[in-house]
Amino acid sequence: MKNSFEKLSYNELVAKRDELRKSYLNMRMDKVLGHVDNPLQVRNTRRQIARLNTLIHEYTLGIRKAK
């Protein structure tokens, strides 16, 4: 799962990040209410968002080029 974002374009990365942010927000709300099925999924989602932010930042710095 770690390297599954490498082949996505910039626009796909941004869309995926927004989708994961919404999912993370819902998981946080469920966690407060006590309805979390898998508590580790919250951590994994947060880390995926961080990976996406890193890739997006690489595009803005010019380290990663659009193909």
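These legends describe close-up views of a predicted model.

**View 1. Helix α1, end to end.** Helix α1 covers residues 10-33, a run of 24 residues. At 1.5 Å a residue, that run should span 34 Å. The C-alpha atoms at its ends are 35 Å apart, which agrees. After the helix comes Gly34. The phi of Gly34 is positive, near 85°.

**View 2. The buried residues of α1.** Which residues of α1 are buried? They are Leu13, Arg17, Leu20, Tyr24 and Met27. Their packing partner is α2, residues 39-61. An α-helix has 3.6 residues a turn, so residues three or four places apart point the same way.

**View 3. Thr45 in helix α2.** Thr45 belongs to helix α2. Is Thr45 buried or exposed? Thr45 has a relative accessible area of 1%, so it counts as buried, the cut-off being under 20%. Leaving aside neighbours within four places in sequence, Thr45 is in contact with Leu20, Tyr24 and Met27. Leu20, Tyr24 and Met27 are among the buried residues of α1. The side chain of Thr45 also has a polar atom 2.8 Å from the backbone oxygen of Gln41.

**View 4. Lys16 and Glu19 on helix α1.** Side chains of opposite charge can pair when their charged atoms come close. Lys16 and Glu19 form a salt bridge, with the closest N and O atoms 3.8 Å apart. Both residues lie in helix α1. They are 3 residues apart, about one turn of the helix. Lys16 is partly exposed, with a relative accessible area of 26%.

View 5. How many salt bridges are counted in the model? The count comes to 3. One of them joins Glu6 to Arg64, with the closest N and O atoms 3.1 Å apart. This pair links distant parts of the chain. Shared partners join Glu6, Glu58 and Arg64 into one network. Glu6 is partly exposed, with a relative accessible area of 36%. Arg64 is partly exposed too, at 23%.

**View 6. Ser4 before helix α1.** Ser4 is found in the segment before α1. Its relative accessible area is 40%, so Ser4 counts as partly exposed. Ser4 and Arg28 are 24 residues apart in sequence. From C-alpha to C-alpha, Ser4 and Arg28 are 24 Å apart in space.

Conventions: Residues numbered from 1 in each chain as written. Predicted model: local features only at pLDDT ≥ 70, side-chain atom pairs only at ≥ 80, totals over all residues. Heavy atoms only, no water. Helix = DSSP H or I, 4+ residues; strand = E, 2+ residues; numbered from the N terminus. Expected span 1.5 Å × (residues − 1). Buried < 20%, exposed > 50% of the residue type's maximum accessible area, 1.4 Å probe, protein only. Contact = heavy atoms within 4.5 Å. Polar contact = N/O pair within 3.5 Å; in protein donor to acceptor, adjacent residues only side chain to side chain. Salt bridge = Lys/Arg side-chain N within 4 Å of Asp/Glu carboxyl O.
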